[in-house]
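Colleague: I have some questions about the words you use. For each one, tell me the rule, then the value.

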Amino acid sequence: MSLGYIKTNALNHKTVHIVGKLPLAPMHCDERKYLIDGLQLITIMEKTSSDSLPLTVNSSEKHETVCIFGTGDFGRSLGLKMLQCGYSIVFGSRNPHMSSLLPSGAEVLSYSEAAQKSDVIIITVHREHYDFLTELIEVLNGKILVDVSNNLKINQYPESNAEYLAQLVPGARVVKAFNTISAWALQSGALDASRQVFVCGNDSKAKQRVMDIVRTLGLTPLDQGSLMAAKEIENYPLQLFPLWKFPFYLSAVLCAFLFFYCVIREVIYPYVHEKKDSTFRMAISIPNRVFPIAALTLLALVYLPGVIAAILQLYRGTKYRRFPDWLDHWMLCRKQLGLIALGFAFLHVIYTLVIPIRYYVRWMSRNMTITQATTKKENPFSTSTAWLNDSYISLGILGFFLFVLLGITSLPSVSNTVNWREFRFVQSKLGYLTLILCTAHTLVYGGKRFLSPSILRWYLPSAYVIALIIPCTVLVSKFILILPCIDRTLTRIRQGWERNSKSSKSALNGKTDI
Amino acid sequence: MSLGYIKTNALNHKTVHIVGKLPLAPMHCDERKYLIDGLQLITIMEKTSSDSLPLTVNSSEKHETVCIFGTGDFGRSLGLKMLQCGYSIVFGSRNPHMSSLLPSGAEVLSYSEAAQKSDVIIITVHREHYDFLTELIEVLNGKILVDVSNNLKINQYPESNAEYLAQLVPGARVVKAFNTISAWALQSGALDASRQVFVCGNDSKAKQRVMDIVRTLGLTPLDQGSLMAAKEIENYPLQLFPLWKFPFYLSAVLCAFLFFYCVIREVIYPYVHEKKDSTFRMAISIPNRVFPIAALTLLALVYLPGVIAAILQLYRGTKYRRFPDWLDHWMLCRKQLGLIALGFAFLHVIYTLVIPIRYYVRWMSRNMTITQATTKKENPFSTSTAWLNDSYISLGILGFFLFVLLGITSLPSVSNTVNWREFRFVQSKLGYLTLILCTAHTLVYGGKRFLSPSILRWYLPSAYVIALIIPCTVLVSKFILILPCIDRTLTRIRQGWERNSKSSKSALNGKTDI
Amino acid sequence: MSLGYIKTNALNHKTVHIVGKLPLAPMHCDERKYLIDGLQLITIMEKTSSDSLPLTVNSSEKHETVCIFGTGDFGRSLGLKMLQCGYSIVFGSRNPHMSSLLPSGAEVLSYSEAAQKSDVIIITVHREHYDFLTELIEVLNGKILVDVSNNLKINQYPESNAEYLAQLVPGARVVKAFNTISAWALQSGALDASRQVFVCGNDSKAKQRVMDIVRTLGLTPLDQGSLMAAKEIENYPLQLFPLWKFPFYLSAVLCAFLFFYCVIREVIYPYVHEKKDSTFRMAISIPNRVFPIAALTLLALVYLPGVIAAILQLYRGTKYRRFPDWLDHWMLCRKQLGLIALGFAFLHVIYTLVIPIRYYVRWMSRNMTITQATTKKENPFSTSTAWLNDSYISLGILGFFLFVLLGITSLPSVSNTVNWREFRFVQSKLGYLTLILCTAHTLVYGGKRFLSPSILRWYLPSAYVIALIIPCTVLVSKFILILPCIDRTLTRIRQGWERNSKSSKSALNGKTDI
Ligand SMILES: Cc1cc2nc3c(=O)[nH]c(=O)nc-3n(C[C@H](O)[C@H](O)[C@H](O)COP(=O)(O)OP(=O)(O)OC[C@H]3O[C@@H](n4cnc5c(N)ncnc54)[C@H](O)[C@@H]3O)c2cc1C
Ligand SMILES: Cc1cc2nc3c(=O)[nH]c(=O)nc-3n(C[C@H](O)[C@H](O)[C@H](O)COP(=O)(O)OP(=O)(O)OC[C@H]3O[C@@H](n4cnc5c(N)ncnc54)[C@H](O)[C@@H]3O)c2cc1C
Ligand SMILES: Cc1cc2nc3c(=O)[nH]c(=O)nc-3n(C[C@H](O)[C@H](O)[C@H](O)COP(=O)(O)OP(=O)(O)OC[C@H]3O[C@@H](n4cnc5c(N)ncnc54)[C@H](O)[C@@H]3O)c2cc1C
Ligand SMILES: NC(=O)c1ccc[n+]([C@@H]2O[C@H](COP(=O)([O-])OP(=O)(O)OC[C@H]3O[C@@H](n4cnc5c(N)ncnc54)[C@H](OP(=O)(O)O)[C@@H]3O)[C@@H](O)[C@H]2O)c1
Ligand SMILES: NC(=O)c1ccc[n+]([C@@H]2O[C@H](COP(=O)([O-])OP(=O)(O)OC[C@H]3O[C@@H](n4cnc5c(N)ncnc54)[C@H](OP(=O)(O)O)[C@@H]3O)[C@@H](O)[C@H]2O)c1
Ligand SMILES: NC(=O)c1ccc[n+]([C@@H]2O[C@H](COP(=O)([O-])OP(=O)(O)OC[C@H]3O[C@@H](n4cnc5c(N)ncnc54)[C@H](OP(=O)(O)O)[C@@H]3O)[C@@H](O)[C@H]2O)c1
């Protein structure tokens, strides 16, 4: 340890307890105040040294020296942050003299020298360059190596980077951490998604120490178990809403199809037959046909796989066989399907509520009134029309209300507070009720028009007729499934009973089915 | 350990690291890919064996053997899942030869033989059949017994199942876990409410080991402390929204009452007096009277218990005496009351916004215009009516806005990020502001009509008059309570001062009241 | 230990297992049932003693004796609660005989006597009175001291109370805890914000023990690391939405300005020029001008700092220099700005949707119809007006929809489940899309009117013209920044490259930019 370093380090220690005294942002150590500039640090230190206490020196002396391998973007950012939180930092670098960019207060040594300074070594080097570590095997023996690396693609290598590191340096205790944090997040400390640090490792002492560092930096460590979890942790930051992809594309295709269907019926058809320019309908009227249909269809598609699964279980007579892949996948993305359906329902509601504000609607209504006034035609009040009209509106509102409830319970913090039974109650029972209400809303809306052939244009039925196919199928099948005789068999299967097994115990008596 | 077993086990080990290499779902071990079928496992193994590494064998060897007692639904599901996550499983069974249904790769032995194979024994047997364990007391000595059992009713037995188990096998270290997870959730791994596993136990080492298993299975362990918590953990999955029951029934009764009240005034009365068929009003008009009244009344009922509690504390001169049971219970379900009120308010808003779309309203408005046009009656603009009308709408909107804010802050993840002072600020201060705005909305809506006796029908006042009783009472009482003289006494009482205590220190000076 | 005490304690032990048997509220020990009254306790005990089991005595004997220093409000509440959870409590007090107010079952001794009874001592005394502890240094040696104190002001003292305590009693192991819980919350156990207890300390064993106590009381301990975090933990309960202050005041000023601007143009101007009384516009029409403008401006202000930061980084050629303070602060409160903007947008939506219900609007529309009917003037349908009108409504709805999405992803529980990339995708990409949609909504709304000079009143342009300045600036600047040539440099800078550094490696090849 050079004398120069001792000075810097001492200076740094003093800084630490100042930082410890003036936290402003909701973080354990305020990284925002003393960035990089060594002189600035000293100034502040002298300003507050009057109230320095013996104890604080002690408390900061507790902080150990940590070694960081690699002086790239992430190494620098992490080193700076750790310095500010009271750690002494020793960088290991291929070129220990190129230290101009490094945070002041840190020492830079060669890799092997640096490794000797500390028990904990953070490897901020890309996996591709890990080879040089094999030369350090001896000095790294027993040390805690923290692997922070990410890859460019999901499952790029057969084994995770951390496992690869553990294999390269068998004597070391490898811990995976920090890979979900970006260099920028460490520097700016602002955005929200960045606080969680997944940690895993086979040595629980080593893991604990890394988790303590994470905590001191103001981040939230999450213990993910053994090093086997590293693969997943490494894939995590590369994902972009994987479960949303299928529902998203499905609904995009559905919307596009419905949009063109409606354009044909409501824009092209009138143009061809009556030379009427209805293109403006594409801004509100047609979206307001597409969205409710998409919402209802997607909602039905949420409950369809459950029905199929039940039929499959009944048919197979056991629940201990895997569903086909497509069904499995479909069941896994029901939440996402449901939430997209909710989005469409929300849009439908607003598009409906703006109807009376639209120029077209106001113009129509005024014209009708004037025509009626001038022609003096009677327009008697029809109670049945009022009933029909009010009913479908009311059904729609109630359906939407339950829909929103479903959405709220699927917020992670809400679903975490309910137990299994409650979750099933809301998602399954209320979910079906929502489906029933929304289907009824569409049925009553269609009303008597279903029967009249005049709704066909170029043999195309009105769009909401299409909307009803899947929901009605689902509801009818579900209705059959809950008939007592069928339901009883299904319940037994779900409790572990198997039709083809000779030794199947009638396990029904007195079981809690959660 | 039989030779056959060793083979299966080895096979299983190999499988494990393959599973470890290809995780797809966000779980530590992907249980979806290799269900049950032993042959399938081998196929996959051979496909990927090309990239097998020496290290992986090591890493999976770290996984211990776990014993599962009972080969029922839950035992099988858990065993399969654990096998997939790299554990070696030994089942204990009354009938070790009936192994056809069991996941391949697991060994099945008698209970006593199986117990010898492992330190950790998971008891997937119903509590009623625990007796056989007394015979195994010796072999179970010092072992970790995991109790997973649930009951059929809340508080079915005087002591929790886990405590009962600890008592049966005094030498064992009992840990409660897994009871909130259903067998199906383990197999399908899809639904959300299922990830949390409450763990409790008196031996913290044992608890740690079980929590590690939980984590490896991709679930979230939550340490709940000592075995005393087992009772609660066992009751948890049996609950169905216990705190929502009272608010729910209350609001159901309230709505039913208001509905009939309005039907009498607005449907039956006109029918009797004018032979007018207004039944269609039951679909929208009457609900849109019931919902706002229910919302306002429930909102007032949220703040009423606080007022009563304050009066009680003032009267008693101390805060160290329990409130009567009914008040206690009422105060505990205020959140639920408030959220139901918010639901009604939401419905009221949408029911109001659809007004101009309704056939009845459009028909009325058209008719009025035509009548006016033909009779050429003047209809001068009344600024005061415009003021009144716009004011109550504006008050309502602002009230609803704050209402929604209250709702958002009561989301668990939001309320966890605010401190006590902030929570009180929002819930108490903004809550009262909401109540004031909503009451004012109703008052201004009623406007001058309150004074006219014509609003009585069959001596029944208009429904919104009823709506105002409780809110006004609450607001007036609260206003009295915050008069400086009364408030001062109350503040002192809340800081621990007692009127009747001689030694009461004037504890007011310089205290933080959070 | 006096004989009297032993008896009380024994009684208490029995109570404990009863409490353990009858939990009703979702807490580990039900504090609601047995408040204060010793006699009541006995009654209940005898009622249920029939089913008492040998084991329960054992299990409660495991609970240790805890000492509480100070018999004030907090000490009493905590003691009572701990008694109910099975702990034996010894109070330390200046005046051990004034025990009338104390929970029955607890012993009261002098400070030094009490300290000898237990390893864990909770100091419920104000920091100002800590001096007496210096006299007890010897007896406190090696003990766990729990500091629960709060201050009156943020950063009142140079070092935290807990660190001060550690300095006063150097031999003790100090743990900070419980300060976020109020005495009332302990007694009533009802409100939500109160469950989290931040714990910190340098001795991890001591911390673990305190966390166990916290858990047993039914609260949620959160490990915050070493004692350095105490300062922040102590400041936490004193904060009142610190990050919301600036956004709140900014938007208040903005609203006030816009309100007066609109009043001048829309109320005073018509009054002066046409003697028309339009004051009623202040209830809805003017707010509905103010809110959307405020929403759009604030939304633009969310994205402006990012643009400024990028320009600054480009200009400086490095990302390793701190932004000026104002920019830093601005960037930290973007979330709050965005959520307030969302609030205004929400209000704008509802204020717009109620338009057709307003008396003024209905009156206007009726009058126009009648005028048209009587004058028999033609009013031909204009497709271009319909297009314009429908487009800006549709743009507005879609913008609002994305706005709500942004709001939902900023819920803590949702943002915790997305990774960095996903969060950036939603917040940055969808955020800009929202800004574009909302700006377009305003532009199309203005339509051709921008060009006509008639919109000037007293040389004041219409308010929405003002609304467009900042959004358009932001969008144009952002557009320039994403031009490939500029974007490339910026990306390099963000990956750690520095323009002025000679040793700057071209670090672009193969990097994961998260
Ligand atoms: C707005 C909205 C939000 C949503 N949010 C979520 C969410 O957050 N999380 C979520 O998971 N879903 C969510 N969904 C989707 C949906 O509501 C749920 O998946 C719902 O539980 C499906 O109910 P179900 O009865 O069809 O299916 P399930 O209850 O899953 O049953 C489907 C099939 O699985 C089999 N099965 C079920 N239980 C057992 C058992 N015990 N043993 C053996 N086999 C069994 C049966 O064959 C059954 O038919 C949401 C939907 C919407 C509309
Ligand atoms: C939409 C909505 C959502 C809601 N969400 C929630 C929620 O998530 N969680 C929740 O708890 N409530 C919730 N509520 C209910 C309600 O807003 C809160 O309970 C609110 O805090 C009640 O305020 P208060 O001032 O009446 O009662 P409190 O502040 O609880 O006071 C009630 C009485 O308790 C006594 N008291 C209070 N403080 C002390 C003290 N320090 N010392 C001694 N005695 C004291 C006094 O007698 C006081 O009058 C919600 C309400 C609504 C409408
Ligand atoms: C309704 C609503 C809710 C919101 N909720 C949240 C929320 O919960 N949390 C939140 O944080 N914000 C929230 N916001 C604010 C806003 O959406 C986000 O801050 C958003 O990420 C800003 O995007 P940006 O592209 O302007 O800024 P950023 O992505 O932060 O970029 C700003 C500047 O920082 C610099 N920079 C960024 N990344 C790097 C890097 N990797 N390396 C070097 N320099 C870099 C660049 O100079 C860049 O121009 C919310 C906004 C709204 C409207
Ligand atoms: N940047 C982020 O936001 C971020 C976030 C999470 C994780 N990570 C991970 O952190 C690691 C480093 O990322 P980075 O962005 O800091 O990368 P970088 O800027 O390219 O730095 C890599 C460093 O590795 C060192 N190194 C050692 N041997 C090397 C060799 N043969 N060739 C090149 N460099 C060598 C170099 O330091 P010396 O010159 O001093 O030897 C170099 O500065 C990566 O594994 C990355 O996945 C980065
Ligand atoms: N099913 C769930 O979803 C679920 C969820 C959480 C918790 N649990 C709990 O898990 C435990 C097992 O539930 P389960 O659904 O698996 O029950 P199950 O299907 O009825 O199986 C119970 C098993 O217990 C064994 N057993 C031992 N002695 C017995 C006896 N005298 N009589 C009958 N069986 C005896 C049997 O295995 P052998 O024949 O091999 O001896 C039997 O298979 C219960 O405590 C339950 O509360 C279940
Ligand atoms: N009240 C709350 O809601 C709350 C919440 C969180 C944290 N706290 C913290 O808990 C601590 C106690 O608060 P509190 O509300 O219980 O205060 P309090 O009612 O004023 O009680 C303070 C106690 O300190 C003891 N004490 C010892 N030396 C003293 C001295 N020289 N002068 C006065 N009292 C002395 C007294 O007990 P003896 O007479 O028995 O000696 C007195 O009862 C404070 O640090 C506070 O910040 C309170």
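Colleague: Which residues are in contact with C:L435, leaving aside its neighbours within four places in sequence?

Modeller: Contact means heavy atoms within 4.5 Å. By that rule C:L435 is in contact with C:L296, C:L299, C:A300, C:Y303, C:P471, C:V474 and C:L475, its neighbours within four places in sequence left aside. Some ground rules: this is a predicted model, where local features need pLDDT of at least 70 and side-chain atom pairs count only at pLDDT 80 or more, while totals for chains, interfaces and linings use all residues. Residues are numbered from 1 along each chain as its sequence is written, chains are lettered from A and ligands numbered from 1 in the order in which they are written, and side-chain values use heavy atoms, with hydrogens and water left out.

Colleague: Which residues have the most contacts inside the largest nonpolar core?

Modeller: A nonpolar core is a set of buried Ala, Val, Leu, Ile, Met, Phe, Trp, Tyr and Cys residues joined through side-chain atoms within 4.5 Å. Buried means under 20% relative accessible area, exposed over 50%, and partly exposed in between (1.4 Å probe, protein chains only). The largest core has 203 residues, and A:L435 and C:L435 have the most contacts inside it.

Colleague: What makes C:V120 buried or exposed?

Modeller: Its relative accessible area is 1%, so C:V120 is buried. C:V120 is in contact with C:V66, C:C67, C:I144, C:V146, C:R209 and C:I213, leaving aside its neighbours within four places in sequence. Look at C:L145 too: 25 residues separate C:V120 and C:L145 along the chain, yet their C-alpha atoms are 6.2 Å apart.

Colleague: Where in chain C does C:V120 lie?

Modeller: In strand 4 of chain C. Strands (E, at least two) and helices (H or I, at least four residues) are DSSP runs, numbered from the N terminus.

Colleague: What order do the strands of the chain C sheet take?

Modeller: The order is 3-2-1-4-5-6-7-8, in an open sheet of eight strands with mixed pairing. Strand 3 (107–110) and strand 8 (220–223) of chain C are the edge strands, each pairing on one side only.

Colleague: How do you know that strand 7 and strand 8 of chain C pair?

Modeller: Two strands pair if DSSP finds at least two bridges between them. Strand 7 (residues 196–201) and strand 8 of chain C have four bridges, in the parallel sense. For example, C:V197 has C:P221 as its bridge partner in strand 8 of chain C. In general, strands of a sheet pair through backbone hydrogen bonds, either parallel or antiparallel.

Colleague: Which strands does helix 4 of chain C lie across?

Modeller: Helix 4 (residues 73–84) of chain C lies across strand 1 (65–69), strand 2 (88–93) and strand 4 (120–123) of chain C. It runs at about 165 degrees to strand 2 of chain C. Axes are lines fitted to C-alpha atoms, for helices over the stretch in contact, and angles run from 0 to 180 degrees between N-to-C directions.

Colleague: Now chain B. Why is strand 7 of chain B called largely enclosed?

Modeller: Six of the six residues of strand 7 (residues 196–201) of chain B are buried, so the rest of the structure largely encloses it. B:Q196, B:F198 and B:C200 point one way, and B:V197, B:V199 and B:G201 the other. The general rule is that side chains in a regular strand alternate between the two faces of the sheet.

Colleague: What is the sense of pairing between strand 7 and its partners in chain B?

Modeller: With strand 6 (residues 173–176) of chain B it is antiparallel, over two bridges. B:K176 has B:C200 as its bridge partner there. With strand 8 of chain B it is parallel, over four bridges.

Colleague: How many helices and strands does chain A have?

Modeller: Chain A has 20 helices and eight strands. Buried residues make up 58% of its 514 residues.

Colleague: Where does UniProt list "transmembrane region" in chain A?

Modeller: The unreviewed entry lists residues 248–271, 291–315, 336–361, 391–409 and 463–486. UniProt positions are in the numbering used here, feature names are shortened, and annotations may be inferred rather than shown by experiment. In the model, residues 248–271 of chain A are 100% helix and 0% strand, with end C-alpha atoms 33 Å apart. Residues 336–361 of chain A are 81% helix and 0% strand, with end C-alpha atoms 35 Å apart.
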